[in-house]
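Me: I've got this model open and would like a close look at one part of it. Could you walk me through how the helices sit against each other, then settle on a single helix?

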Amino acid sequence: MKEVVFLDRNSKKWKEFENILTNESHSDPDAIADLYIQLTDDLSYAQTFYPNSSTTDYLNQLSVSVHQEIYKNQKAEKGKFKQFWTTELPLILFQTRKQLLYSLLIFLVSTILGAVSASNEQSFVRAILGDNYVNMTIDNIKKGDPMAVYKQEGQTAMFLGITINNIKVSFMAFVFGILTAFGTGYVLFNNGVMLGGFTYFFVENGLFWESTRVIWIHGTLEISAIIISGAAGIVLGNSMIFPGTLPRKTSMQIGVRKGIKIIIGIIPMFIVAGFLEGYVTRLTEMPMWLSWVIIICSLLFVIWYFIINPKLVYQKISNS
């Protein structure tokens with residue numbers, strides 16, 4: 001069956017489903033459960049024959065809403081918070097896994113370009129990081145404390161300042177998606193080039209491992225969150241350019257909702273990253289093993305929650 005025919009046959013029914021969900025007086029759990037079964041059937045068909053279409057995205061979204069309604073009836077209103085982190089967000093992350101991959105690739109390529117540029121042009125690092133930062137770090141290296149920059153401010157001031165700045169960067173990466181994926185790509189490219197030049201600066205000074213074990217204490221969560229926010233921006237941009245069979249306005253509404261939920265999902269990461277940078281990264285003389293434990297645990301969390309868990313949640317719901 002062609003997708004347009006599939007839409008014609010079912011769009012009226014799906015619209016009725018939406019009305020049922022928005023009707024506060026509707027409280028028949030059996031009817032909602034029947035609705036969920038019908039929707040999962042349609043979703044399964046769409047995933048089989050139109051796997052990358054807006055129709056599939058729309059049905060995914062609608063199915064999540066119905067699933068939430070069932071959950072609400074079973075677990076009470078206060079369960080919504082837990083539901084967001086354990087079901088809704090993982091499902092959105094599963095739906096947007098390709099955008100996350102694109103965001104990661106853009107960031108990795110731009111990081112490599114930044115490192116290569118720094119290795120071929122001595123003035124590149126100063127152009128990217130600024131003379132003041134470079135001169136200060138060179139002085140710190142001569143004094144035997146290359147990471148002293150993380151000790152200059154008070155812990156709380158650094159924690160708050162960095163957290164706010166990181167949230168601002170992620171919000172930019174998302175909002176620039178309104179300029180299509182190129183807008184978000186520009187933000188990712190800038191940050192990737194900066195990271196590449198920054199990393200090469202320490203490599204050139206023989207401090208790669210020392211800088212890695214110190215900076216990535218907070219950088220693992222911070223950089224991961226920027227890449228994930230890039231995925232949210234690409235989702236927004238694609239919803240405008242590629243509405244598929246959906247009206248562009250509807251497609252954009254879905255894209256905005258998904259993007260905002262992804263951004264909300266990474267705000268705790270920025271808070272933890274800001275805390276680590278403000279209170280822990282400055283402890284440059286901490287045991288090396290402890291630094292690596294923090295880095296590896298952070299990386300494992302990101303891989304589990306943002307890559308592995310979404311697939312597990314999707315499979316669980318699809319099989320229920």
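**Helix against helix**

Reply: Let's start with H10 and H11, which run roughly antiparallel to each other. This is a predicted model, by the way. The axes of H10 (residues 208–241) and H11 (residues 248–280) cross at roughly 170°, and angles over 145 degrees count as roughly antiparallel. Those two axes come within 8 Å. Sorted by class, the H10–H11 contact has 21 nonpolar residues, seven polar ones and four charged ones.

Now for the single helix: H7. Helix H7 covers residues 131–142, 12 residues in total. From first C-alpha to last, H7 reaches 17 Å, close to the 16 Å expected at 1.5 Å a residue.

Which residues of H7 are buried? They are Tyr-133, Val-134, Met-136, Thr-137 and Asn-140. Look at the spacing with this in mind: an α-helix has 3.6 residues a turn, so residues three or four places apart point the same way. Viewed down the axis of H7, the buried residues fall within an arc of 165°, so they line one face of the helix. Helix H6 (122–129) and helix H9 (181–204) are among what covers these buried residues. On the face of H7 turned away from the buried side, you'll find the exposed residues Asn-132 and Lys-142. Follow the chain just past H7 and you get to Gly-144, which takes a positive phi of about 85°.

Methods. Residues numbered from 1 in each chain as written. Predicted model: local features only at pLDDT ≥ 70, side-chain atom pairs only at ≥ 80, totals over all residues. Heavy atoms only, no water. Helix = DSSP H or I, 4+ residues; strand = E, 2+ residues; numbered from the N terminus. Expected span 1.5 Å × (residues − 1). Buried < 20%, exposed > 50% of the residue type's maximum accessible area, 1.4 Å probe, protein only. Arc of directions from axis to C-beta. Contact = heavy atoms within 4.5 Å. Axes fitted to C-alpha atoms, helices over the stretch in contact; angles between N-to-C directions. Parallel < 35°, antiparallel > 145°, perpendicular 65-115°, else oblique. Nonpolar A, V, L, I, M, F, W, Y, C, P; charged D, E, K, R; others polar.
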